[in-house]
Amino acid sequence: MTTLVPDTARKRWTDRRIASKSFSCSTFMLYLGIEGTLPEMSHHTIAFSPDYARNVAEIDAGQAPEDPTIYIQNASVTDPSLAPEGHSALYVLAPVGNLTGGVDWSAEAPGYREKILDRLSRIAGRDIRPLIRTEVMYTPDDWQSKMAVYEGATFILAHNLGQMLTFRPRNRFEDLDGVYLTGGGTHPGSGLPTIFESARIASRLCADDLGLPGRRNLTTELAREAAE
C-alpha cells in the first residue's frame, strides 16, 4: 500500500498509521533444486528449536534466532513431476524477526544459509550441499525490496485482537473508488484458507459494484452462508 498509493491519497491507512501497527515475523527461505531423491523425508517436516521459548522470543525481538525452527517441504516425494527425473525440489523455511529488529541481513545471510543447510543435512542424513543444482534464497530484506512486503513481515499484520477481521484493511478500499484489496494483510486475515476467502469477498464486491449479470445480492448470499 505504501508503494502503490501515495500517502496523501490515503486518509485511513496513512504511512503513520501503518507504521504504528504490529507486524508478523519474517522468514528466511531456501528454494533448492537438488540432484537425487529423498524418499525417507516426508512431504512435510518441522524441526523445532531445542529451546523453543528462546526461539520465539528472538523472533518477537526482530532477531535471527540462534537455533531456528525450520519447516521443510519435500513435495517431490508426493509429486515427482515437480522436478526433473531423478531430482527433487525442496522448500525450506525458518521463521525469523522482521526488519524492525535492525538485523543486517546482507551480512547475516551467508552464515544463516550454512546454519540452515547444516540442520537440513542432519535431517536428510547426508550433506545436501553437493547435491544442490539450483538455489534461490530470500531474506527479510528480499521480501521488502523484491516483493514490497512491508518491513519484510511475510505474514503482514500480526494477528492480535486489535488487528483481526474488520480491524484489518477492508476489501473495498475506502479511499479510492474502484480499488479492491485482497491477501493476508486485508480482511479477514492471513493463512491460505483465509486469503482465499479474502479473494472471494473482494471479487464479489467488485462484481456487485460493476453490476455484472447473473450476480446474486451479496448481502443475501453472505447471510445465507452464515446461516449454513
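How many nonpolar, polar and charged residues does the lining of the largest pocket have, by class?

## The largest pocket

By class, the lining of the largest pocket has 20 nonpolar, 11 polar and no charged residues, where Ala, Val, Leu, Ile, Met, Phe, Trp, Tyr, Cys and Pro count as nonpolar, Asp, Glu, Lys and Arg as charged, and the others, Gly among them, as polar. The model is a predicted one, in which local features need pLDDT of at least 70 and side-chain atom pairs count only at pLDDT 80 or more, while totals for chains, interfaces and linings use all residues. Residues are numbered from 1 along each chain as its sequence is written, and side-chain values use heavy atoms, with hydrogens and water left out.

The volume of this pocket is about 990 Å³, a volume being the space filled by probe spheres set on grid points that are joined across faces, edges and corners. Its lining comprises 31 residues, of which Ile156, Thr182, Gly183, Gly184 and Gly185 lie nearest the centre. A pocket here is an open set of points, on a 1 Å grid over the protein atoms alone, where a 1.4 Å probe fits, with protein on both sides within 12 Å along at least five of seven lines; lining residues have an atom within 4 Å of a point.

## The sheet

Five strands form an open sheet in the order β2-β3-β4-β1-β5, with antiparallel pairing; strands are DSSP runs of E with at least two residues, helices are runs of H or I with at least four, both numbered from the N terminus, and two strands pair if DSSP finds at least two bridges between them. Because β2 (44-47) and β5 (132-138) stand at the edges with a single partner strand each, one side of each is left without a neighbour in the sheet. From one strand to the next, the twist averages 15°, with axes fitted as lines to C-alpha atoms, for helices over the stretch in contact, and angles running from 0 to 180 degrees between N-to-C directions.

Four bridges join β2 to the antiparallel strand β3 (residues 70-73), and Thr45 stands opposite Ile72 in β3. Three bridges connect β3 with β4, where Gln73 faces Tyr91 as its opposite residue. Between β1 and β4 there are 10 bridges, and Leu32 has Leu90 in β4 as its bridge partner.

## Helices and buried residues

Helix α3 (residues 105-124) lies across β1 (26-35), β2, β3, β4 (87-96) and β5, at about 55° to β1. Helix α4 (residues 140-147) also packs on the sheet, touching β1, β4 and β5, and its direction makes about 90° with that of β1; contact means heavy atoms within 4.5 Å.

Arg119, in helix α3, counts as buried at 9% relative accessibility, buried meaning under 20% relative accessible area, exposed over 50% and partly exposed in between, with a 1.4 Å probe and protein chains only. Not counting residues up to four places away in sequence, Arg119 touches Ala47, Phe48, Asp67, Pro68 and Ile70.

Thr139, in the loop between β5 and α4, is buried with a relative accessible area of 4%. Beyond residues up to four places away in sequence, Thr139 touches Thr27, Phe28, Trp105 and Ala109.
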